[in-house]
Amino acid sequence: MLFNSFEFVIFFFVVTSLYFLVSHPYRWILLLLSSCYFYMAFVPVYILILGFTIIIDYYAGMLIEKSTGKRRKIWLIVSLAANIGVLAIFKYYNFLNDNLTALLSGIGKSNPIPYLKILLPIGLSFHTFQAMSYTIEVYRGNQKAERHFGIYSLYVMFYPQLVAGPIERPQNLLFQFYKEHKFEYNRVIAGLQLMLWGLFKKLVIADRLSIYVDSIYNNAEHHNGPTFIVATVFFAFQIYCDFSGYSDIAIGSAKVMGFDLMTNFRRPYFATSISEFWKRWHISLSTWFKDYLYISLGGNRVTVPRMYFNLFFVFLISGLWHGANWTFIIWGALNGIYLIFALISQKYRDRFNEFLGIARNRQFHKILQILVTFALVCFSWIFFRAANFHDSSLIIHRIFTTGGSVFIGNMFLFIYCILAILLLLGIELRQELKGQILYFNSDQLVLRNISYMFLILLILLIGVFDGGQFIYFQF
Amino acid sequence: MEKMDIIKFIKRTLLFFLAVFLLDFTAGHAMRYFYFKQNSGSLYRTTFALDSTKAEVLVIGSSRASRHYNPEVMQEKMGMSVYNAGQKGNHIFYHYGILKAVLTRYKPKVVVLDLLYDEFKPEQDSYDRISTLLPYYDSHPELMELIQLRGPYETIKLRSRLYPYNSLILPVINGNLGLDKKREPEIKGFLPLDAVMADSVKKNSARVEYPLDSMKLKTYEKIISTCKEAGISLFIVFSPAYLDDIISNYSVTIGREMAVKNNVPFFDFAESAPFMNDYKLYSDNVHLNSKGAAIFSRQVADSILNHLKNPR
């Protein structure tokens, strides 16, 4: 079930109303059943995979807690192996097999391993990572093992964040299922505000931009460099609005029922460096990798070359997390390289800026940093969006070697795209400076309502109602 | 406290929905007013085709129709009035909608359906594009059957006054300001293209079979049966395209077979001279330029006339 569907409007209304009508001890049953229904609306049979990992992790959590020494580690490995195993089979098996085939054909041999005809279960990487965070935290002693099977299942399956995050931590979410949430006017309004803002980003911006971006990236052979630059900038805003829009709806719908999910995006295109970008983009995943992989590898408390390796490795894996395709791996690696280069060159860049006098004009320096960061991020998005390595190389080659005029296609669509981006930047700049979306937090009821009406009017007027699903569902 | 919060929420929600209703009603009516006030542009052409044309020969189809059939050339040859109701980006559902709506007003003598290559391929976009007919849902109830193909909630969505005009604000401004008159001059629905294709490279038109969209096939059959029942001479035409192996396009093959089965003349210009090898008659691989359109319009008018004189 998509957040931007009519079905979800009905689902959300029914589930939320029932949530406040049902007495607290039974609410987890309602949430679990509705989450199952929500997930089964995609491909029903894949709930069995979820069921498999839930059972393994539930028992692994208790066994880890009970055990000491090596046995504790063994149970953790069992849990991680089950989760990574599911990911490996459903997400990476055919990719690895493809590469093996290419490798063997290079030496004139055929690959005897068969391909699997399977569909990737929706949101697989999200819920397996959330499940893994549970057993790791129990292993580390930061979280008590959950005894209530239903509540644990709900921790993995809670519908707002089931298919595309935010990837929660047990310390933040599990206890909330035990808390009785009363109907609080301000909280409900805050949740609905976020949902409206998320819907606006998805329908008015992301889905509108996707029409142009798809028409260019899906016909890479026919376009020139300037067109690819425009399409890539559009894609940067498309993916941001698509994913952060989803996150906002997820966080908002949970908030209405009284749950606090972690913030996933903080206006990433206002970042002044790549490292800051990653503190603002997909925060729940970045912190997951930091907490469970980077720190496990030694983090910063190692030699400098080893730290660089750790950084690079984490980003490489992050790329692989996104998809079983070399383009995602390159995208991840590129971001790792950016960060390492930033660390190495920091000293020299500071001196250079001082020499040119850029650093003295703070405002100008900041704008310059934002633009450079945005350009670097956009360059990496080429790999993220391109269908394959061939297309991404072709696009980069065209960007650096061809000129000409930008392909406009449908003039109205192009104007909508530009207006949508300018509107987003205006609203987010205000949010960055004043801390609120439009006048959502104003004391004046009229101003608040005008803000809502403005977004609703734009959704009805220029929202794309025939748009597809959220990009991150495929991960 | 909780009870008070709930009461406050319900009260404010009701007021909020009332405000949304008023906003939707006002903005929707404003959009409707300006939509039907247009006197040029692509949206206006749909309104004209549905509500005004009384041409004896009606051409229906996609952008290929609107770019290929020059009514003035055809009129001169045929001695009958011609209107080109082709609309870019639209598919068989739209064409059927035009036919149904026109038949509530008058009966054209001849209908020319320009069949699109890959017309019967299942594509969500063909259903999304039915949105072109949304502004007419209340003035043309006969179109509801087609509008509902967009999805199960279309009747509910149409409770909104603004919904039918979604994404149309810029085209409506354009249509009211008459900007298209200069940018894209129109001759009785015909939109000539002046550009000449840059090179003679033919694009591939893969010779593949695909699962056919049963709803599209059914709509194609409905066009045939509607014309038969109304006593209209229907001609189905596959107009020229500068594509490799276009003659064996799966949808065209199916369309031809169904036309033959129903005794409807099917004119296939896929490999006819001079269009097969002269790229200078095209503006791009799938659209003739004005020079190509003039030649094609003469040829198609001749074929129709011949058939009307000597029906086979």
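The model is predicted. Most residues other than glycine have a negative phi, and most peptide bonds are trans. The exceptions below concern both points.

**Cis peptide bonds**
- In chain A, the bond from A:Gly165 to A:Pro166 is cis, with omega near 5 degrees.
- A:Pro166 lies in the loop between α7 (159–162) and α8 (170–173) of chain A.
- In chain B, B:Ala273 and B:Pro274 are joined by a cis peptide bond, and omega is about 0 degrees.
- The loop between β5 (266–268) and β6 (282–284) of chain B holds B:Pro274.

- A:Leu438 has a positive phi, near 45 degrees.
- This leucine, A:Leu438, sits in the loop between α17 (411–434) and α18 of chain A.
- A:Leu438 has a relative accessible area of 13%, so it counts as buried, the cut-off being under 20%.
- B:Asp118 also has a positive phi, of about 60 degrees.
- Its place is the loop between β3 (110–114) and α6 (124–128) of chain B.
- B:Asp118 is partly exposed, because its relative accessible area is 22%.

**Helix packing in chain A**
- Helix α9 (residues 185–217) packs against helix α18 (residues 445–462) at an angle of about 30 degrees.
- Their axes are 10 Å apart.
- The angle is under 35 degrees, so α9(A) and α18(A) are roughly parallel.
- The crossing of α9(A) and α18(A) is left-handed.

**Nonpolar surface patch**
- A:Val9, A:Ile10, A:Phe13, A:Val14, A:Leu18 and A:Leu21 form a nonpolar patch on the surface.
- Together they have about 600 Å² of accessible area.
- A:Leu21 belongs to helix α1 (residues 6–21) of chain A.
- A:Leu21 counts as exposed because its relative accessibility is 69%.

Note on methods
Residues numbered from 1 in each chain as written. Chains lettered and ligands numbered in written order. Predicted model: local features only at pLDDT ≥ 70, side-chain atom pairs only at ≥ 80, totals over all residues. Heavy atoms only, no water. Patch = residues over 30% accessible without salt bridge, like charges linked within 9 Å, V, L, I, M, F, W, Y side chains within 5 Å. Areas by Shrake-Rupley, 256 points an atom, 1.4 Å probe, with all protein chains shown as cover. Salt bridge = Lys/Arg side-chain N within 4 Å of Asp/Glu carboxyl O. Helix = DSSP H or I, 4+ residues; strand = E, 2+ residues; numbered from the N terminus. Buried < 20%, exposed > 50% of the residue type's maximum accessible area, 1.4 Å probe, protein only. Axes fitted to C-alpha atoms, helices over the stretch in contact; angles between N-to-C directions. Parallel < 35°, antiparallel > 145°, perpendicular 65-115°, else oblique. Left-handed = near helix turned anticlockwise from the far one by under 90°.
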